[in-house]
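This briefing covers helix packing and charged pairs. The structure is shown first, and the notes follow by topic.

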Amino acid sequence: MNRIEFLREQIIESRDFVNRLVSELPEDLWFVIPENTDSNFAWQIGHLIVAQNFHAITVITGWNEKVNRVVPVGQYNKLFNGMGTLHRSVKEEVVTASVLKNQLDAVHEICIENLLALSDGILYTPLEPIPFKHPVANNKYEALSWCFKHEMWHSAEMEDIKRRLGYPIIWLNK
């Protein structure tokens, strides 16, 4: 297995973890901010949409028109960016849980399709141009590696939100 295949597999595995969490929390609870937290499940999902698009698509191969057709990228960057934001929740009037689920799946599919066309030769090349310094990566390998690590970080937050809403941690054996 080459490095790009390894990174792709890690991105798929971290998304499998998120998908398990999504399946365990009813959509009517996605917009509740549990006591002693600052976020809701819906914001976490929106953040993962924006983050995967940024870390695994935009800085790897550039602006992707397919993503733009499925997600209002500009609006979502403002709502779900997270870099320095203090407000980490979203209301159902802004976007429904089912729309977020569909967009999460669509961006992930585009991401994997995009990665299938790449080889190890791109990994240590500079990031595609963006109007600011990437928060953690200096090359494409670092951005892709951060993508799945970041997703697992947010999985822990989502697990905590889910638990605080009365849905216990469930470990599934494959």
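**Salt bridges and helix packing**

In this predicted model, Arg-88 and Asp-38 form a salt bridge whose closest N and O atoms are 3.1 Å apart. The two residues belong to distant parts of the chain, 50 residues apart: Arg-88 is in the loop between helix H4 (73-80) and H5, and Asp-38 is in the loop between H1 and H2. Arg-88 is buried, at a relative accessible area of 13%, whereas Asp-38 is partly exposed at 42%.

**Other salt bridges**

- The whole structure contains 12 salt bridges.
- One of them pairs Lys-101 with Glu-27, with 2.9 Å between the closest N and O atoms.
- Lys-101 is in helix H5 and Glu-27 in the loop between H1 and helix H2 (41-61), so this pair ties together parts 74 residues apart in sequence.
- Both partners are partly exposed: Lys-101 has a relative accessible area of 27%, and Glu-27 has 32%.
- Glu-113 forms a salt bridge with Lys-66, and the closest N and O atoms are 2.2 Å apart.
- Because Glu-113 lies in helix H5 and Lys-66 in helix H3 (residues 65-70), the pair ties together parts that are 47 residues apart in sequence.
- Glu-113 is partly exposed at 40% relative accessibility, and Lys-66 is partly exposed at 36%.
- A network of salt bridges links Arg-20, Glu-24, Glu-159 and Lys-162.

**Packing of H1 and H6**

- Helix H1 (residues 3-24) packs with helix H6 (residues 140-164) at an angle of about 15 degrees, and their axes are 9 Å apart.
- An angle under 35 degrees counts as roughly parallel, so H1 is roughly parallel to H6.
- The crossing of the two helices is left-handed.
- On the H1 side, the residues making the contact include Ile-4, Leu-7, Ile-11, Phe-17, Val-18 and Leu-21.
- On the H6 side, they include Leu-144, Phe-148, Met-152, Ser-155 and Met-158.
- The residues of this contact divide into 12 nonpolar, 4 polar and 7 charged.
- The four residues of the salt-bridge network, Arg-20, Glu-24, Glu-159 and Lys-162, are among those making the contact.

**Individual positions**

- Ser-155 lies in helix H6 and is buried, with a relative accessible area of 1%.
- Beyond its neighbours within four places in sequence, Ser-155 is in contact with Phe-17, Val-18 and Leu-21.
- Glu-113 is 35 residues from Phe-148 in sequence and 16 Å from Phe-148 in space, C-alpha to C-alpha.

Conventions: Residues are numbered from 1 along each chain as its sequence is written. This is a predicted model: local features need pLDDT of at least 70, side-chain atom pairs count only at pLDDT 80 or more; totals for chains, interfaces and linings use all residues. Side-chain values use heavy atoms; hydrogens and water are left out. Axes are lines fitted to C-alpha atoms, for helices over the stretch in contact, and angles run from 0 to 180 degrees between N-to-C directions. Helices (H or I, at least four residues) and strands (E, at least two) are DSSP runs, numbered from the N terminus. Angles under 35 degrees count as roughly parallel, over 145 as roughly antiparallel, 65 to 115 as roughly perpendicular and the rest as oblique. A crossing is left-handed if the near helix is turned anticlockwise from the far one by less than a right angle, and right-handed if clockwise. Contact means heavy atoms within 4.5 Å. Ala, Val, Leu, Ile, Met, Phe, Trp, Tyr, Cys and Pro count as nonpolar, Asp, Glu, Lys and Arg as charged, and the others, Gly among them, as polar. Buried means under 20% relative accessible area, exposed over 50%, partly exposed in between (1.4 Å probe, protein chains only). A salt bridge is a side-chain nitrogen of Lys or Arg within 4 Å of a carboxyl oxygen of Asp or Glu.
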